[in-house]
Amino acid sequence: MRRATWLGSTPNRLGRARRNTLLFAFLTALALACASSASATIEYAVSFSQPANHVFHVRMEIPHAAAGETIAMPAWNALYQIRDFAYRVRDVEVARAPAGSGPIDFSVARKLDKQDWSLDTATDGSRIAGSGTDDVVTYSVMWNAPGPFDSQLDEHHAFINLAEILMYVPDRRGEGTQIEFDDVPPGWRIVTELPPGTGANSFAAPSYDALVDAPVEAGNFEEFEFDNDGAHFRVVVDSNSWQKGLLRDALQRITGYELKLMGGPPFQEYTFIFHIGPYADVGGGGMEHMNSTAIAATSTSSAAAIAAHEFFHVWNVKRIRPQSLEPVDYSKEQYTRALWFAEGVTSAYAGYTLERTGLWSRKQFYSDIASQIADFEWRPARKWQSAEESSLDAWFEKYDDYDSPDRSISYYEKGQILGVMLDLAIRDATDDRKSLDDVMRGMNDEYAKKGRYYDDSAGVLRVVNKVSGKDFSDFFRRYVSGTDEIPYDRFLGIAGLKLKLETAPDGTIAAKISELPHPSARQGRIRDAWLRGVTE
């Protein structure tokens with residue numbers, strides 16, 4: 001359905017023309033609501049009418065609003081950083097009428113704090129008469145930041161992380177919802193991994209959380225599709241220079257390997273959104289979502305490498321999820337000790353995937369592990385900040401000084417290192433009959449498939465012990481929650497490998513992993529199985 005006229009950027013005091021515009025929007029929404037059932041859900045409409053000004057105009061229809069209803073803007077999303085998206089919001093206004101009959105009331109929404117608004121109108125905070133009202137809230141949001149963690153509207157395209165532009169009703173997040181995009185420029189198409197809604201350019205979701213976990217790309221992009229292991233894949237690419245054949249081949253290998261590793265797809269369809277170009281234009285990195293990912297990279301090969309990490313998040317963190325991150329609290333920091341596993345071990349599997357599918361050589365695989373070790377060893381903070389503490393301190397990452405080597409380590413780096421070392425330790429303890437692959441499948445069976453969440457590091461340890469039949473408490477005590485020096489050669493030696501570390505005059509560290517020239521039969525057997533991703 002076509003949405004009503006949008007409110008423009010005028011002063012907060014409602015003049016006659018502005019009130020007429022809001023009245024038109026409200027009556028249109030009210031007529032549509034009356035045509036639907038009494039269990040009507042919250043609906044959003046987003047206008048692309050001002051791409052040159054980078055302004056999204058948003059309308060939020062709230063049927064049967066309760067007395068004392070409030071709306072809120074998320075304080076964080078995509079990154080573990082409080083970014084206060086409300087600072088981008090302006091002109092929050094509401095039109096409402098009591099259920100049944102009564103005069104329509106117009107007002108500027110009453111702000112409660114930096115990210116919450118009350119829909120009450122009276123100065124004493126009381127609600128207008130009636131058992132419930134149908135409310136239409138309108139506001140605008142400015143975004144022009146490239147990259148998968150932000151949102152952008154310009155004359156070229158729109159990319160949206162929906163939690164960065166959509167408000168929510170705190171106690172109604174679980175209701176089904178719908179979003180529609182209006183004033184779409186000619187030639188633009190819209191893609192998001194959500195089922196279609198009831199109108200043109202509309203999409204539906206079972207909840208607010210599901211809605212905002214599906215990024216949106218709109219523009220004149222290129223795309224292709226493929227099927228793998230019973231799942232359908234859509235690939236959207238916004239780029240002036242990319243290699244379609246290389247990307248298609250890489251994604252087919254990556255998805256094929258990881259689907260087989262984890263026992264098949266937990267979805268029917270998955271969407272990759274790629275922005276490939278100079279960093280200043282597209283940003284960098286990747287952001288995982290339940291059934292999609294958004295990736296920005298400077299080249300096709302870099303985009304494919306990031307995809308190996310992001311696609312493994314289908315399981316690790318999106319479905320194999322720590323209890324500490326559930327339910328999502330958009331209003332404040334949400335602390336977890338498990339990012340070393342959720343992100344770092346995912347990085348380990350990105351490396352495994354790239355090597356085991358032939359997208360990386362063995363030399364590249366060794367070099368990647370060595371580079372993580374080199375940077376980790378270069379950081380004096382490794383002596384006092386553990387992998388778990390680094391996970392808790394993720395919320396400091398928005399401060400530039402926090403990244404200094406004497407202040408912090410990276411849970412990505414140490415987590416990847418721990419993932420590799422734990423894998424080798426499990427193979428050693430079980431004579432190569434079990435591996436970290438079995439742990440990931442065990443986590444999937446124990447938690448994801450049962451709709452349960454694991455208890456941070458303790459939950460991981462329980463599955464490691466169950467899979468291996470051994471007690472790995474000492475490993476977790478020393479290297480996960482503790483800061484003991486990691487005995488690299490002890491772990492790497494299990495697979496007939498050795499590490500060489502060299503410190504340059506400027507203090508930087510270079511690392512190289514190489515194969516022992518004369519490994520034992522057992523070392524050779526474990527190394528071969530480890531590289532191929534198999535067990536005895």
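Predicted model: local features only at pLDDT ≥ 70, side-chain atom pairs only at ≥ 80, totals over all residues.

Reader: Why is the pair of Y168 and Y330 called tilted?

Author: Rings of Phe, Tyr and Trp (its six-membered ring) pair if their centres lie within 6.5 Å; planes under 30 degrees apart count as stacked, over 60 as edge-to-face and the rest as tilted. The ring centres of Y168 and Y330 are 5.5 Å apart and the planes are at 50°, so this pair is tilted. Y168 lies in the loop between β10 and β11 (177-182) and Y330 in the loop between α5 (300-312) and α6 (339-356), so the pair ties together parts 162 residues apart in sequence.

Reader: What makes Y168 and Y330 buried?

Author: Buried means under 20% relative accessible area, exposed over 50%, and partly exposed in between (1.4 Å probe, protein chains only). Y168 has 6% and Y330 has 4%, so both count as buried.

Reader: Why is the pair of F272 and F274 called stacked?

Author: The planes of F272 and F274 are at 10° and the ring centres are 5.8 Å apart, so the pair is stacked. Both F272 and F274 are buried.

Reader: How do you know that R189 sits over the ring of F221?

Author: The criterion requires NZ of Lys or CZ of Arg within 6 Å of the ring centre and within 35 degrees of the ring normal. The charged end of R189 is 4.3 Å from the centre of the F221 ring, over which it sits. R356 likewise lies over the face of Y352, at 4.1 Å from the ring centre.

Reader: What makes β10 and β14 a pair?

Author: Two strands pair if DSSP finds at least two bridges between them. Strands β10 (residues 157-160) and β14 (residues 216-219) have 4 bridges, in the antiparallel sense. H157 stands opposite G219 in β14.

Reader: How is the lining of the largest cavity divided by class?

Author: Ala, Val, Leu, Ile, Met, Phe, Trp, Tyr, Cys and Pro count as nonpolar, Asp, Glu, Lys and Arg as charged, and the others, Gly among them, as polar. On that basis the lining has 6 nonpolar, 3 polar and 3 charged residues.

Key
Residues numbered from 1 in each chain as written. Heavy atoms only, no water. Helix = DSSP H or I, 4+ residues; strand = E, 2+ residues; numbered from the N terminus.
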